[in-house]
Amino acid sequence: MIIVLFGKPGAGKGTQAPLLAAALGVPTLATGDELRAAIRAGTELGREAKGYMDRGDLVPDAVILGIIKQALSEPRHAKGVLLDGVVRTVPQAEGLSKACAELGRQVDAVLCFDIDDDEIVRRLASRTVCEKCQTPYTGREPGSLCDKCGGTLVRRKDDDPEAIRNRLEVYRKQTAPVLAWYRDAGTKVAVIDAVGDVADVTARALGALQ
Ligand code: AP5
C-alpha cells in the first residue's frame, strides 16, 4: 500500500501522517523531515537542501527522487508506506511511478488535504515543532518540551511570513498540477476537508480510502 499525502504547506499532512499510519499499520516517510534531519546532521544533502528550504523553495527533483528510491528499497517500507509531502512536482510523480513499477508496486491513492490560504497563515504563524521528532504543535511557545519525546519545541525558519507566502506560491505553480497528473494516470485522488477537529479529519481520510 502506497498512499501519497498531499496538500498546501500547513494543511495538516504531518499531523495526520502518524494517525493514519497507526490506523493503517504502515510507516510514514516525510521528505521534509528527512531533509531537516540531514541539515541537523550537517551532511552534504543537508547543506544542499538548506538554502532552498529556508526560502520555501523546492529542493531539486533529483535529490528528492534519490530519497524516494532509497526509501522504497528499504525492507521496512516493503508492506507499504504513507508518503507525507514527498511528491511536489510532476517529474517527482513520474519518477515515483517509474520506481514503483520497477518494484512491481504502485501508488494506490492520493489524499489531498484541502484548506484555504488564510487558515494556513493562521496555523503556521502559531506553529512550533519538536526539533527531535518533528511533531507539530499549535500555540505552544518555542522552548517548551514535546509531549511525545521531551525534545525542545522550535519555530521553523520557513514559517516566517515571507517564506510562507513563497511556499504557497510554489504550491500553486509547481505542486498543484500533480493532482491532475494523478487523475490522468487513473490513480484514485480523494480531496479531504482539512478544517475541523484533527480526529474528524483523520476519520474523513480513512473513510475516503475505503
Ligand atoms: P515540509 O516539512 O513537508 O513542509 P510543508 O509541506 O510545507 O508542510 P508543513 O510541514 O509546513 O505542513 P503540514 O501540512 O505537515 O502541516 P502540519 O501537520 O505541520 O517541507 C519543508 C520543505 O522541505 C519544503 O518547503 C521544501 O523546501 C522541502 N521539501 C520537502 N519535500 C520536498 C519535495 N518532495 N520536493 C521538493 N522539496 C521538498 O500542521 C500545520 C499546523 O496546523 C500545526 O501547528 C498543527 O498543529 C496545526 N493543525 C494541523 N491539523 C489541524 C487541524 N485539523 N485544526 C487546527 N490546527 C491543525
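Biologist: Which helix gives the most residues to the shell around the ligand?

Modeller: H2 gives the most, with four residues. This is a predicted model, where local features need pLDDT of at least 70, side-chain atom pairs count only at pLDDT 80 or more, and totals for chains, interfaces and linings use all residues. Residues are numbered from 1 along each chain as its sequence is written, and side-chain values use heavy atoms, leaving out hydrogens and water.

Biologist: Where is Gln 134 found?

Modeller: Gln 134 sits in the loop between strand S5 (127–130) and S6.

Biologist: Why is Gln 134 called buried?

Modeller: Buried means under 20% relative accessible area, exposed over 50%, and partly exposed in between, using a 1.4 Å probe and protein chains only. Gln 134 has 12%, so the word buried applies.

Biologist: Which residues is Gln 134 in contact with, leaving aside its neighbours within four places in sequence?

Modeller: Contact means heavy atoms within 4.5 Å. By that rule, Gln 134 is in contact with Asp 33, Arg 36, Arg 40 and Val 129, once those neighbours are left aside.

Biologist: What joins the side chains of Gln 134 and Arg 36?

Modeller: A polar contact of 2.8 Å. The term needs a pair of N or O atoms within 3.5 Å; within protein, one must be able to donate a hydrogen and the other to accept it, and residues adjacent in sequence count only if both atoms are side-chain atoms.

Key:
Helices (H or I, at least four residues) and strands (E, at least two) are DSSP runs, numbered from the N terminus.
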